[in-house]
Amino acid sequence: MTEQELDQLRAQVRVIPRSEHQISRSQISDHALKVLYRLKNAGFEAYMVGGGVRDLSLGREPKDFDVATDAKPEEVKDLFRNCRLIGRRFRLAHVFFGRDIIEVATFRALHDPENGDGDGDVAMEDGMILRDNVYGTVEEDALRRDFTINSLYYNIADFSVVDFANGMDDLEAGRLRLIGDPDARYREDPVRMLRAARFSAKLGFQISPETGESIPEMAPLLANIPQARLFDEIMKLLMGGVGAETFSVLRRYGLFEQLFPQTEAALAGPSGDVWDLFILRALENTDRRVNEDKPVTPAFLFAALLWPSVSERAQALEAEDMHPTQALQEAIGEVVAAQLERVAIPKRFSVPMREIMLLQPRLARFRGKRANRLLSHPRFRAAYDFLLIRAAAGDAPQELADWWTQAQETPGQQPPAQDATGEGKPRRRRRRRRRRGGDQPAPSE
């Protein structure tokens, strides 16, 4: 960016004094204030940025408080003994206060990939930023941010909010708008498309037409994102308390297909209505638990997201005369292997995820003492909750779900005469004759 362009930018910047905004230092964490003041007292610029400013301006409680400064990462480390430098793609300073972490980022510069990388440590490929540690001014840093509502800077020097891209107007209008050319910004980092979906659902904002219209066309760029990073993004998307709304936004813009192509194929198939309702019910269940501060596990979520394709594949294998148990095991293996090519699923989640799915036929084929054994299985509760959602969506008999609900309230009850698979009454077991005299066989009649 030339000096003339920077001057033009400075001319349109809006500085909102303390008397005209609602952010108070009493709403900012003590740890964040300590970082801001120490940077300021050391002669550096210091701003609270991003979600902290956005959420406080909306009357929400921020999840975290991030800081931006002109101090280099090494200079931040010199100021704080409890600081650790992290990252290669983006060099950051983390200041630790017990379990609380304040993230401190150095202002980053604008750069033009067509004119080379310039000074500093930067790497790009096909328009995508692979590494970027070129430092600049606060004005440049603001324009490097993704959405206008995230380009609001709270200045600890005078308690003003500096608005570089009309973000405050977009906040008031409930509008999500990307800074700069959407195609170029999505190429720089395709994950910005997922962030657009997440913020839209989380804040209840409308994605502006210019920001959203190119997303379906650019969505395949997500295939270039590392699988581990996409797992982290899915956790933010679907385990933040608004997963059901986020799922709808992802599908609307063609993003869900890039994350879960097999599931999207099942949703587009003849049983699509059942699977759509099933996933929505699973996400609503997760949202409810998150909002009630109850524990949730990605294992349950991924089991629900992959079940439609697993179920259909298992049915296809059964039609080829494969035993149902083997068919389900084979289907899980195939679907999970294909999914791992798109999104990483850590083993600590993939193992219980498989168990939840493998327990479904066992819940439908109980006889005698099997029910009591299943009640004590470590994954029973998750598998039972999974069954309830299947029944609510029409993928399992409601009578089966009701029976297991009753079985937990009155242990030892007898199973119904006909199990949920429709196999009829269980065969009577032949009584074994009792042997007399130790190991001697009973005399024949």
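Visitor: Are α16 and α18 parallel, perpendicular or oblique to each other, and why?

Guide: Two packed helices are described by the angle between their axes and the distance between the axes. The axes of α16 (298–319) and α18 (347–364) come within 8 Å and cross at roughly 55 degrees; α16 and α18 are therefore oblique to each other. Angles under 35 degrees count as roughly parallel, over 145 as roughly antiparallel, 65 to 115 as roughly perpendicular and the rest as oblique. Axes are lines fitted to C-alpha atoms, for helices over the stretch in contact, with angles from 0 to 180 degrees between N-to-C directions. Helices (H or I, at least four residues) and strands (E, at least two) are DSSP runs, numbered from the N terminus.

This is a predicted model: local features need pLDDT of at least 70, side-chain atom pairs count only at pLDDT 80 or more, and totals for chains, interfaces and linings use all residues. Residues are numbered from 1 along each chain as its sequence is written, and side-chain values use heavy atoms, without hydrogens and water.

Visitor: In what order do the eight strands form the open sheet?

Guide: Strands of a sheet pair through backbone hydrogen bonds, either parallel or antiparallel. Here the order is β1-β10-β9-β2-β3-β6-β5-β4, with mixed pairing; two strands pair if DSSP finds at least two bridges between them. β1 (14–16) and β4 (83–86) stand at the edges with a single partner strand each, so one side of each lacks a neighbour in the sheet. The twist averages 30 degrees from one strand to the next.

Visitor: How many bridges join β1 and β10?

Guide: Three, in the antiparallel sense, with β10 spanning residues 160–163. V15 stands opposite V162 in β10.
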